[in-house]
Amino acid sequence: MSSSRDSVRDSIVSSRSTSSRFSSLLSPALPSSRSSTFPIPLPSPTLPPLPSNQKRIVAIYERPLAKSRGSEVALGAWAFLFSEIVQYTQKKVSGIGEFEKRLNILGYRVGVRLLELLPLRDYLYPVSSLRSPPPPSRTLRLLPLLSYVHSTLYRYLFNRTADSLEKSTENEDEYMIGDDDMVVTRGIEVPKEMSELSCGALVAGIVEAVMDGAGFPSKVTAHSVPTPTHPRRTVILIKLDPEVLARETAMGK
């Protein structure tokens, strides 16, 4: 009988010691100096400093939204990159129409991202003296959006506004943005057998994405229109969908 009591007592003591081990983990008290069966892991150490001649790589999502000074891409680097894009695309197509379509698709992907980035950047880091600028709002009329593309979007891309913004005298659904010396085509020499090709289709894709994303669906194309004074002049033709004109007419009344 005494042996059974001793066994029960030993089991209770062992259970108490085990529970005390787990309670030390759940208790908010400071850890004791004695070693624990289940030690609490220490926080991960900070990254060691890099040598002075090395820089730590920063992910693109960790960069600030504000466009800092000196973040512009060098013209030579851009010309080299774009020439490689043109050469690669040329090997994958069989005609000028398909060539321009691929450049247009590439620019469209860029324009979709710019449509979200630029209003947010202007709201968080306003250039004007307004301390609390109004939040970004959707543009409902056509002319303010075209002015936005002609000035704000173009200035962000090429550090200057476009040279002209005109309405077609023949068709009511066509507008034209003129660029006397498009930056993207400065390093491109189009051969004579491909004189109808306009590498400005990349910029046309950017403009088309902005128009579509803003609720003004349209078809945007680029055309080389050289003049004696501006041999590299490019015209971006914006052809609006009929629903855009119908909405403009209804809102104008």
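User: Why is Ile177 called buried?

Analyst: In this predicted model, Ile177 has a relative accessible area of 1%. Buried means under 20%, so Ile177 counts as buried.

User: Where in the chain is Ile177 found?

Analyst: Ile177 is in strand β2, which covers residues 174-179.

User: Which residues is Ile177 in contact with, leaving aside its neighbours within four places in sequence?

Analyst: Ile177 is in contact with Val149, Ala162, Ser164, Leu165, Thr234, Val235, Ile236 and Ile238. What makes each of these a contact is that heavy atoms lie within 4.5 Å.

User: How many residues apart are Ile177 and Ala222 in sequence, and what is the distance in space?

Analyst: They are 45 residues apart in sequence, and 9.5 Å separates their C-alpha atoms.

User: What makes Thr89 count as buried?

Analyst: The relative accessibility of Thr89 is 8%. The cut-off for buried is under 20%, and therefore Thr89 counts as buried. Thr89 sits in helix α2, residues 75-90.

User: Which residues does Thr89 touch, not counting those up to four places away in sequence?

Analyst: Thr89 touches Phe99, Arg102 and Leu103. For Thr89 and Phe99, the separation is 10 residues in sequence and 6.8 Å from C-alpha to C-alpha.

User: Which residues make the contact between α4 and α5?

Analyst: From α4 come Leu142, Leu145, Leu146, Val149, Leu153, Tyr154, Leu157 and Phe158. From α5 come Val203, Ile206, Val207, Val210 and Met211.

User: What classes do the residues in the contact of α4 with α5 belong to?

Analyst: The contact has 13 nonpolar residues, with no polar and no charged ones. Leu, Val, Ile, Met, Phe and Tyr count as nonpolar.

User: How many helices and strands are there in the protein?

Analyst: There are six helices and four strands. Along the sequence they follow the pattern α-α-α-α-β-β-α-β-β-α.

User: What percentage of the residues of the protein count as buried?

Analyst: The protein has 253 residues, and 27% of them count as buried. The protein exposes about 18,000 Å², of which carbon and sulfur atoms supply 58%.

Notes: Residues are numbered from 1 along each chain as its sequence is written. This is a predicted model: local features need pLDDT of at least 70, side-chain atom pairs count only at pLDDT 80 or more; totals for chains, interfaces and linings use all residues. Side-chain values use heavy atoms; hydrogens and water are left out. Helices (H or I, at least four residues) and strands (E, at least two) are DSSP runs, numbered from the N terminus. Buried means under 20% relative accessible area, exposed over 50%, partly exposed in between (1.4 Å probe, protein chains only). Accessible areas come from the Shrake-Rupley method with a 1.4 Å probe; for residues, only the protein chains shown count as cover.
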